[in-house]
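Q: I have a structure open and would like to go through it piece by piece. Can you help me read it?

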Amino acid sequence: MSFLQQAEQSPDTERMFDADTKALGYLPNFTRLFAHSPAAYLAWQQLNRAVRAEMELRRYELATLAAARALKSSYCGLAHGKILRDKFFDASTVAAIASDHGSAGLSAQEVAVVNFAGKVATDASSVIEADITDLRSHGLDDTEIFRVILAVGARCFFSTVLSAAGAVPDPHYNESLDAELRQALRFGG
């Protein structure tokens, strides 16, 4: 599951496990990992819900996949690639987005968002005003731009925690994604 030993069971961890199993149909490895800090997991869930609630789901998922790729997070790449495949694109398009989003048939606005999200995840201090101006020229207002930044910042936290702890992607992805798409979404860690 990860480099860390399984956390001790408690009423809080049992509630976490029950809630995620009920919601997802299986117990994710990330839930087991966050059993080491149920309060942090709850805070993460609240933050992530707040970020997602204020964005179009497609934009959120594209920005999240771009961040996962930049952070070399296979776990998050598989999870969010699956959502993109299930809700917005076919498998070959998601694989193309994962490897070369500029030629994957995305709109110019979506390509700009993915470019920006990758830059924020890779080196947020390298973002300059021209990057923001570029997003504005593609029709995003400042609130929408800020929401992309929030989505990437939240993904940086989650992906970093999973990668540093050695969390292994759930077997569920082997069953629910074809081999070609799994390979495209495995970014490293």
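Q: Which residues touch the most other members in the largest nonpolar core?
A: Val-148, Val-152, Leu-162 and Leu-185 do, in a core of 58 residues. A nonpolar core is a set of buried Ala, Val, Leu, Ile, Met, Phe, Trp, Tyr and Cys residues joined through side-chain atoms within 4.5 Å. Buried means under 20% relative accessible area, exposed means over 50%, and partly exposed is in between, using a 1.4 Å probe and protein chains only.

Q: Which helix gives the most to this core?
A: H9 does, with 9 residues. Helices are DSSP runs of H or I with at least four residues, strands are runs of E with at least two, and both are numbered from the N terminus.

Q: Before going on, what kind of model is this?
A: It is a predicted model, where local features need pLDDT of at least 70, side-chain atom pairs count only at pLDDT 80 or more, and totals for chains, interfaces and linings use all residues. Residues are numbered from 1 along each chain as its sequence is written, and side-chain values use heavy atoms, with hydrogens and water left out.

Q: Back to H9. How many residues does it have, and what does it reach from its first C-alpha to its last?
A: H9 has 24 residues and reaches 35 Å, close to the 34 Å expected at 1.5 Å a residue. The expected span is 1.5 Å times one less than the number of residues.

Q: Which residues of H9 are buried?
A: They are Ile-145, Val-148, Ala-151, Val-152, Ala-154, Arg-155, Cys-156, Phe-158, Ser-159, Leu-162 and Ala-165. Their cover includes helix H2 (29-34), H3, H4, H5, H7 and helix H8 (129-137).

Q: What does Leu-162 touch?
A: Not counting residues up to four places away in sequence, Leu-162 touches Phe-30, Leu-33, Phe-34, Tyr-75, Cys-76 and Ala-167. Contact means heavy atoms within 4.5 Å.

Q: What is there at the start of H9, and just after it?
A: At the start, a side-chain oxygen of Asp-141 reaches to within 3.1 Å of the backbone nitrogen of Thr-143. Just after H9, Gly-166 takes a positive phi of about 75°.

Q: New topic: H4. How far apart are its end C-alpha atoms?
A: They are 20 Å apart, which agrees with the 20 Å that the 14 residues of H4 (residues 57-70) should span at 1.5 Å a residue.

Q: Why is H4 described as largely enclosed by the rest of the structure?
A: Because 10 of its 14 residues are buried. Among the helices covering the buried residues are helix H3 (38-53), helix H5 (74-87) and helix H7 (108-123).

Q: Which residue takes a positive phi just after H4?
A: Lys-72, with a phi of about 60°.

Q: How many salt bridges are found in the whole structure?
A: A search finds 8. In one of them, Glu-110 pairs with Arg-58, the closest N and O atoms being 2.5 Å apart. Glu-110 lies in helix H7 and Arg-58 in helix H4, so the pair ties together parts that are 52 residues apart in sequence.

Q: Are those two buried or partly exposed?
A: Glu-110 is buried, with a relative accessible area of 13%. Arg-58 is partly exposed, at 26%.

Definitions and conventions
Polar contact = N/O pair within 3.5 Å; in protein donor to acceptor, adjacent residues only side chain to side chain. Salt bridge = Lys/Arg side-chain N within 4 Å of Asp/Glu carboxyl O.
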